[in-house]
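Q: I am new to reading protein models. Could you take me through one, feature by feature?

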Amino acid sequence: MTGTGSEVILGRFQTVPLSESQLDLSGQPYSVSVLKVGYCFPQTDGTFRADGTITLVTGPRTILVDTGGPWDRDFLLMTLKKRGLEPGDISLVVGTHGHSDHIGNLSLFPTAAMIVGYDISEGDTYRPNKLAEGHAYRIDEHVSVIPSPGHSGQDVSVQVRGTSAGTVLVAGDLFERCSDEDSWRDLSVNAAVQEVSRQEALRTADVIIPGHGLPFRVLRN
């Protein structure tokens, strides 16, 4: 992997991070907005500080992808309110995987349908699906939940078609950030499987929203 400046070359693909002013991607019928950019900062004592990216998808359905950690509760409620939304307005919450910095506020949305990893539920009723078999779960013709395993045992991403930036993939920790080089491997339960998922994402998405950094554009060489 090589790159110059903020650009990174990933085999046949070049990735370029978006700026803080490019966190709202309009579209028809769905728009995608990054409410909070995730981060991961190693500390001198061997620990690290981390929080997951929080993303809102608005259109025929109002979808929240990852809820941040429990410490994000007030921030999340305030940010939704600024956009004219209450928790009851969220029809679907997707947790890309089960780590606490991504699903720490599920309890704020008791009336929403939930997809967490490969589990799909409405209240205490769980719906059969084929995510574990590698099949996408289609919300409608524009939005699908895509299995993207590797980082944990049951990772999913949310694919949104038709935005001003093209196809957007809200990818959880499939990608840590634009220039994650090989750092993601140390956090992966199965790096070989995750590499396959990453390559498929790079092949199909125009913009990827990673779990711990700014969104980035994918340019195909």
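The dialogue below goes from the sheet to the loops, the rings and the cores.

A: Start with the ground rules. This is a predicted model: local features need pLDDT of at least 70, side-chain atom pairs count only at pLDDT 80 or more, and totals for chains, interfaces and linings use all residues. Residues are numbered from 1 along each chain as its sequence is written, and side-chain values use heavy atoms, with hydrogens and water left out.

Q: How do I read a sheet, and in what order do the strands stand here?
A: Strands of a sheet pair through backbone hydrogen bonds, either parallel or antiparallel. Helices (H or I, at least four residues) and strands (E, at least two) are DSSP runs, numbered from the N terminus. Two strands pair if DSSP finds at least two bridges between them. Here 8 strands make an open sheet, ordered 3-4-7-8-9-10-11-12, with mixed pairing. Strand 3 (24–25) and strand 12 (125–126) are at the edges; each has a single partner strand, so one side of each lacks a neighbour in the sheet.

Q: How many bridges join strand 7 to strand 8?
A: There are 3, between residues 54–58 and residues 63–65, and the two strands run antiparallel. L56 has L64 of strand 8 as its bridge partner.

Q: What should I look for in the backbone of the loops?
A: Most residues other than glycine have a negative phi, and most peptide bonds are trans. The bond from Q28 to P29 is cis, with omega near 0°. P29 sits in the loop between strand 3 and strand 4. D66 has a positive phi of about 65° and is not a glycine. D66 belongs to the loop between strand 8 and helix 1.

Q: Is D66 buried or exposed?
A: D66 counts as buried, at 2% relative accessibility. Buried means under 20% relative accessible area, exposed over 50%, partly exposed in between (1.4 Å probe, protein chains only).

Q: How do I describe aromatic rings, and how many pairs are there?
A: A pair of aromatic rings is described by the distance of the centres and the angle of the planes. Rings of Phe, Tyr and Trp (its six-membered ring) pair if their centres lie within 6.5 Å; planes under 30 degrees apart count as stacked, over 60 as edge-to-face and the rest as tilted. The count here is 2 aromatic pairs. Y39 and F41 have ring centres 5.2 Å apart and planes at 10°, so they are stacked. F175 and F216 are edge-to-face, with 5.6 Å between centres and 75° between planes. F175 and F216 are both buried.

Q: Where do nonpolar residues gather, and which have the most contacts in the largest core?
A: In soluble globular proteins, nonpolar side chains tend to be buried together. A nonpolar core is a set of buried Ala, Val, Leu, Ile, Met, Phe, Trp, Tyr and Cys residues joined through side-chain atoms within 4.5 Å. The largest one has 27 residues; V94, I115, V145 and V158 have the most contacts inside it. Strand 15 (156–163) supplies the largest share, 3 residues. Another core, of 13 residues, lies apart from it; L56, L64, L108 and M114 are among its members.
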